[in-house]
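I opened this model to look up a few local features. My notes follow in the order in which I took them.

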Amino acid sequence: MDETQTQQAESSNDTAYADIYSEDGSIRADYLDRIDRFIEEEDVEALAEAVAPLHESELGDLIETLEAGSRRQLVLLLGDRFDFSALTEVDEGIRLDIIDALPNDQIAVAVQALDSDDAVYILEDLEEEDQAEILAKLPFTERIRLRRSLDYPEESAGRRMQTEFVAVPPYWSVGQTIDYLRDSEDLPDSFAQIFVIDPTFHLVGAVDLDRLLRTPRPVKVEEIMHETRHAIPAEMDQEEAAQIFEQYDLLSAAVVDENERLVGVLTIDDVVDVIQEEAEEDLKRLGGVGDEELSDSVLETTKSRFTWLLINLATAVMASFVIGLFDATISQMVALAVLMPIVASMGGNAGTQTMTVAVRALATRELSIYNAARIIRRELTVGFINGIVFAIVMGVVASLWFGDFALGCVIATAMVINMVCAALAGIFIPLMLDRFGADPAIASSVFVTTVTDIVGFFAFLGLAAWWFSI
């Protein structure tokens, strides 16, 4: 493609983007109305022309915006002209809803046109029976490659890798390699490295594409190759693989099996998706909503939230039990009932701040046993300083509000105690959960809130009962 054609293509893409998105980044209402009308009228040609300029991610946005019936009809009407890579850009629930509406024959044809990583992304959520039927319709080589990827654990590098890559023997010359790249029709759409393998497919090294193009043709590949940096085991968790990419600024990395044989390549575009998925997963787990998607049904959403709401209910009962221990004190001084939620709420917010930082640091391996002591000291200091500041503020407010200096002193002391305990809970609970193999993102918030509620109520009401009984 020459420069003029490239500019025209870029201009076309910009036009397509401007045509379907409003200023706030959502799908334009008039464009959506056009698509809905084409679907309702079953105007296949107009529909195909309207979506043809869209990038796969833009088509994914369109699919997510359409109603369930319309999105299924869009895919059915387009048939072979539908870009199945768009299904890798939508929620799992939407993807399964569309796939379930399609015959396996059509899915098998579509899968053959996709990169292997995209094909696996679509196939991995299907029932084993449907997987087997679709794979049986594929050419032998492609079927074996996809089957091998699907045999690796979920959320592993083996599942996310692309099995299309370029590999050459070390004794080839640069000229032979370049001729091979020009003549071969079975190459990935894009690649940054050429891997070097021995006759048994063991990984020997790699050559960056720019180094290859700058080297004279007679030079042997083994003379310019470098040892493969950070080859990734296929069984490695995808989050760990993403951390390696982030740490070493990789664009691609070889994926090897347990025998150090080359089986695929992990590329930066897949890693960006993994980073986004893991960040969203941690955020959802902190909120106690699991793997919930916007496309989930009412029943699925209710079930995903029920467990943690039930646990929250149990912890709330525990906090209420602490309050019940001081019912006589509260009945004598109504101001305690007014002020005690403030102490618990401030502690809960402070604990959540510390916990969020700790959970994310654990996920990115920034927090470990080697620097835990320093981080704990820092959080204790922060909790104490904030506790003193807000204790003074709240002590003055309570004294003026209820005209009782002693009550101001009580709530100020309770505030300091709870803020310090909140800092400890926010850092210690995620560390302990991680130490015992539990996911701190899932369980931390419930336990931290429980600690801050119980400590807050007990400190405030206990101090008040002691002070006013003197």
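I began with W466, which is exposed at a relative accessible area of 51%. For accessibility I used a 1.4 Å probe on protein chains only, where buried means under 20% relative accessible area, exposed over 50%, and partly exposed in between. W467 counts as partly exposed because its relative accessibility is 39%.

I noted the ground rules next. This is a predicted model, in which local features need pLDDT of at least 70 and side-chain atom pairs count only at pLDDT 80 or more, while totals for chains, interfaces and linings use all residues. Residues are numbered from 1 along each chain as its sequence is written, and side-chain values use heavy atoms, leaving out hydrogens and water.

Then I looked up aromatic pairs. Rings of Phe, Tyr and Trp (its six-membered ring) pair if their centres lie within 6.5 Å; planes under 30 degrees apart count as stacked, over 60 as edge-to-face, and the rest as tilted. I found 5 aromatic pairs by this rule. One of them is F326 with F458, edge-to-face, at 5.7 Å centre to centre and 70° between the planes. This pair links distant parts of the chain, 132 residues apart: F326 is in the loop between α17 (298-324) and α18 (327-332), and F458 is in helix α22. I took helices (H or I, at least four residues) and strands (E, at least two) as DSSP runs, numbered from the N terminus. F326 is buried at 12%, whereas F458 is partly exposed at 46%.

I stayed with helix α22 (residues 440-469), where T452 is found. Is T452 buried or exposed? I have it as buried, because its relative accessibility is 0%. Beyond its neighbours within four places in sequence, T452 is in contact (heavy atoms within 4.5 Å) with A344, G347, G348, N418 and A422.

I turned to the nonpolar cores, which are sets of buried Ala, Val, Leu, Ile, Met, Phe, Trp, Tyr and Cys residues joined through side-chain atoms within 4.5 Å. The largest has 46 residues, and I35, L62, L74 and F82 have the most contacts inside it. Another core lies apart from it, with 29 residues, including F326 and I411.

Last, I checked the sheet. It is open, with 3 strands in the order β1-β2-β3 and mixed pairing; two strands pair if DSSP finds at least two bridges between them. The edge strands are β1 (167-168) and β3 (203-208). Strand β2 (residues 193-197) runs antiparallel to β3 and is joined to β3 by 5 bridges. I197 stands opposite L203 in β3.
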